[in-house]
Structure formats: structure tokens, C-alpha cells
Amino acid sequence: MRNTYADDSLALHTDLYQINMTESYWADGMHERKAVFELFFRKLPFGNGYAVFAGLERVLDYLREFKFSESDLAYLKEEVGYKDDFLDYLRTVRFTGDVYSVVEGETVFQNEPLLRIEAPLVEAQLIETALLNIVNYQTLIATKASRIKQIVKKERVMEFGTRRAQEMDAAIWGTRAAFIGGLEATSNVRAGKKFGIPVAGTHAHSMVQAYKDEYEAFHSYAKRHKDCVFLVDTYDTIKSGVPTAIRVAKELGDKINFIGIRLDSGDIAFLSKEARKMLDEAGFTDTEIVVSNDLDEYTILNLKAQGARVDSWGIGTKLITAYDQPALGAVYKLVAIENDHGTMEDTIKISGNAEKVTTPGLKNVYRIIDRENGKSEGDYITMHDEEPAKEDHLKMFHPVHTYVSKFVSNFEAVNLHQQVIKAGEVVYENPPLPQIQAYASSSLNLLWDEYKRSLNPEEYPVDLSQKCWDNKMRNIQEVKDAIQQMAGK
Ligand SMILES: Nc1ncnc2c1ncn2[C@@H]1O[C@H](COP(=O)(O)OP(=O)(O)OP(=O)(O)O)[C@@H](O)[C@H]1O
Ligand SMILES: O=P(O)(O)OC[C@H]1O[C@H](OP(=O)(O)OP(=O)(O)O)[C@H](O)[C@@H]1O
Ligand SMILES: O=C(O)c1cccnc1
């Protein structure tokens, strides 16, 4: 069974428990209490030394439009059994809060708030699932793309993954995230239309198979397409594919723009070197060799080490599905809530695992940049009312291994958060995508190379201010005292 609705909305793109909690908050009169949630991940993906934030554009669209439609409410009534008074309340819910976020393309790290949501409790609660859904995937793919681009360096990388992506939304938004991470083009035409990403492509084996002959296929392709990249590995790359491509290019001369060839199977290092020799000997020294076939940063690094002659990389499955780590694991945690008397109180989630204990209270995250060398010393998480830019020097220490510390002076402290929504109104205009991509690249330039290497990078410091640390310890102690008191009763 599949139902379609003219007034479909994304408000139900949430977990049932969010609506159940909303019902309790509403029934207990807590729904309007101001709550503060933070969205962050705990561990960098792919063993990488940094991540690239993406997803804000869709988050803003989602929050701007947030509203239960009549068919949503009818479904909740009929299928879940919520009562009319609660449904009448849900009908009025919009997102009216404030959102602070890092911008898309920002280099980000573990345990720092990427978004801070300050809103009435129900609103902040209902949006959790969708926000995580969006940011988890897009940040993961932008990071994977950036990793790949760090290895490729100057050659062009094209995103070829739509056919292998986890359904259509993932292909479209994954492509956008991949572009933010540094890819130059996509084969997905709809992503090109929707986001202005350059589209690019060659042709498939099926075309050669359809004509049953490489010469016929290349000729026919060239008749209608001036820019030609011929796929040369359908039968035999060296004996048939490359010589046929050269023959067609020579015959058609200026009538076509012979961009080059694509290799999609076999030993890419060997074949690319052989093909390069053949193309050069035929006088096509400016032509490009495009390669594809289950590539990722590891294979590319290896191919480069073997001296493969590649000008352009087409990357599908392993990028768009984040093949080696399919989840970022970002979470959304309550850090403060208004109490009965109308003042904000911190909240904490305790865990046996020190790294999983949340850091309570409203916080900011600053990038501490050394004024002398322009490089980033680390990120510094403060309580909301601290102003590290006004300090002469900062003590930065590891949030778990506190003995690891350093003093920094002559620094700039750049607040990574921008207010993107104010009282429900979007107040931030996302820059055009090429600008976001350029920002991602400049943000990465702040990092020393040690944090950017793909294998065993140094751990970038994400430290707490003394005040933040003391506040966390005080909150832990308060919870412990309360538990002890209860146990003693
Ligand atoms: N020289 C190379 N060094 C390391 N890996 C390579 C090299 N050449 C190709 N690969 C990678 O090896 C993997 C498998 O290639 P393989 O040659 O086994 O199969 P294939 O050529 O794809 O076969 P098929 O004809 O079924 O497509 C791919 O991920 C490809 O990118
Ligand atoms: O290998 P990926 O990184 O996932 O990149 C996408 C792949 O999609 C195509 O293969 P496919 O076998 O689907 O079609 P084809 O017959 O056109 O080669 C293309 O040739 C690439 O190999
Ligand atoms: O244009 C191509 O060569 C292409 C596009 C999608 C997937 N594989 C290859």
C-alpha cells in the first residue's frame, strides 16, 4: 500500500517518540519552556583528522516550512490514536526558536556543537530526528569527498554515484555535499539543475554493445557530441579500444573536440600508462585519461604510487554511500532548560564512558588562530558569556586527558557560530555553492598538514575553557549528590 497526499509535509519525518514526548510536555504544561539542544558528533569519520560540515541549507528549508498538515494530523488521529485536543495543539506548532550554526564548508571536529537550537521544548524536540538525518549524511559525504580531493590534489574529480546511492534524496543531497567537499562535477543532471553544479560525463559500455562495434559507436557518438571521451575497455583496451578512439579522432579531426578516453576496468596503472604512450605517439598529447571503477582515496593513492597517468577521476559507490563508514553518529543533546521559576538550568547526561558525558550549558565554539603563522591552534569551547577574544592568553587543555594542555597568546578567536534563525525567521542567506566550496578549501588551509593526512592524522585539539570544565564538574557532582541522597532515603 502507498498513500499519496496533496498536502504532504516533512513534519512527520520524525520518530514517533518525539511526538509522544511532545504530548507529555504539552499535557504537563512544559511545552513552552525554553530548551537548548546541541548537535555534535563524537568521533571523526574514516579515521580522518577533520570533517566538513554540510546540511545547513536543507535544515533551514525544513525549519522554515515546519508545520503539520491536515493529512498528517488525520493520520496521527486514525493510526496512532492521539486525541483531538492534542492534535489541535499540534496544528499550531511552527518553529519559532533561534538557531546558531557553523556555516557549510566549515572544517569541524568531534564534540563541538555544530548547531545550537534555542526554542520552546516541543519545537526543539520534534525537529531532532530530521536535523540529525540531514546533517549526519551530508557532513559524512562532504568529509569523504574532501578526503578524496586531498589525495587527488590537482586533477578533476567527478561524482558518478547516483546509481549506487541509497535512493534519490541521497544521490541529490550527497552530490551537493560532495561538491562542497571539493569535487568539481557530477554526472547527475538533476543535481546540476537544482544546485548549479557543473555536469559532466562520457558514455557507457552499453552504447558500444548496442552498436556491436567500437568504431561505429564512437563515430555515432561524435556525430552528435562535439566533446568526446570514448570508453575504450569494452573488448580489449590496448588492442582495440585505444586504437579505435585514435582512428576516429584522426578521421574527424577538427569536427570534434577529442577530450580523451575513459578506462573502467583492468589494471588502471598499467593501462593508463600504455594508453598515454599510444595517445602521445598519435599526436594527441593534450588528451585526458579519465578513470573509474570502484575508486576511493586508498585506490587512488595506490594508483598514483604506481605512476598511473590519470587526468580525471570518476567516483561513485565508495563516495556516495560512504562505503567504509556509513554513519557519522552525530547526536542531539539537551544542554539547558528553563525551570519552574523561568530561569535557565543546565542539564547533563552522565555515562560510564567519560567521552560520552555531555558538556552542559549554553556554549560557543571558537577557532583559535595564531596571528603569526595564520594557522589554527585548536578549537575552544566556552560558556556562552565568555569572550576569549578579549583574553591575552588562553590555557587550552584536553577535555578528558586534562594534563594535556598548552598556553596560547597572540591569537584570534573566531566564533564559529552564526545566528541563522531568529524567532523562527531565517536570517542567514546561504552563499552560492561555489563560494561554499571555496570556503571549505580556505577553512582547511588553516590546519597544519599533520591534521590533514589521510592516515593516522594528529588529533586536533578541541578543548574546554576552564569555566566550561568547572561547570561540567559541578553538574556531575550535583547529579552524584542527588543520586546518593536518593539511595540514602
Ligand atoms: N593497478 C591497480 N592497483 C590497484 N588497484 C587497482 C589497479 N587497477 C585497478 N584497480 C582497482 O581494482 C579493483 C578491481 O579491479 P579488477 O581489475 O579486479 O576488476 P575489473 O577490472 O573491475 O573487472 P570487470 O571487468 O569485472 O569490471 C577496482 O577497485 C579498481 O579500481
Ligand atoms: O565504480 P563506481 O565508483 O561506483 O562509479 C560508477 C560506475 O558506474 C558505471 O559502471 P556500471 O557498471 O554501472 O555501468 P557501465 O556499464 O556504464 O560501466 C561506471 O562505469 C563506473 O564504473
Ligand atoms: O559519464 C560517465 O562516464 C558515468 C556516469 C555515471 C556513472 N558512471 C560513468
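This is a predicted model: local features need pLDDT of at least 70, side-chain atom pairs count only at pLDDT 80 or more; totals for chains, interfaces and linings use all residues.
Residues are numbered from 1 along each chain as its sequence is written, and chains are lettered from A and ligands numbered from 1 in the order in which they are written.

UniProt, in an unreviewed entry, places "domain: Nicotinate phosphoribosyltransferase N-terminal" at residues 12-136. It lists "domain: Nicotinate/nicotinamide phosphoribosyltransferase" (unreviewed entry) at residues 157-338. UniProt positions follow the numbering used here, feature names are shortened, and annotations may be inferred rather than shown by experiment. Residues 12-136 are 46% helix and 17% strand, with end C-alpha atoms 19 Å apart. Residues 157-338 are 45% helix and 18% strand, with end C-alpha atoms 49 Å apart. Helices (H or I, at least four residues) and strands (E, at least two) are DSSP runs, numbered from the N terminus.

Six strands form an open sheet with parallel pairing, in the order β7-β6-β11-β10-β9-β8. Pairing requires at least two DSSP bridges between two strands. β7 (185-186) and β8 (227-231) are at the edges; each has a single partner strand, so one side of each lacks a neighbour in the sheet. β8 pairs with β9 (residues 257-263) in the parallel sense over five bridges. Phe-230 has Ile-261 in β9 as its bridge partner.

Helix α11 (residues 237-252) and α12 have axes that come within 11 Å and cross at roughly 40°. Axes are lines fitted to C-alpha atoms, for helices over the stretch in contact, and angles run from 0 to 180 degrees between N-to-C directions. On the α11 side, Thr-237, Ile-238, Val-242 and Ile-246 meet Leu-271, Glu-274, Ala-275, Met-278 and Leu-279 of α12. Contact means C-beta atoms, placed from the backbone, within 7 Å. The contact residues comprise seven nonpolar, one polar and one charged. Ala, Val, Leu, Ile, Met, Phe, Trp, Tyr, Cys and Pro count as nonpolar, Asp, Glu, Lys and Arg as charged, and the others, Gly among them, as polar.

The residues around ligand 1 include Ser-265, Asp-267, Asn-293, Asp-294 and Gln-306. A residue is near a molecule if its C-beta atom, placed from the backbone, lies within 6 Å of it. This shell has four nonpolar, six polar and two charged residues. α12 (268-281) and α13 (297-305) each supply at least two of its residues. α13 gives the most, with three. Around ligand 3 lie Phe-160, Ser-187, Gly-201, Thr-202, Arg-262, Ser-292, Gly-314 and Gly-316. They divide into one nonpolar, six polar and one charged.

Definitions and conventions: Two residues are in contact if their C-beta atoms, placed from the backbone, lie within 7 Å.
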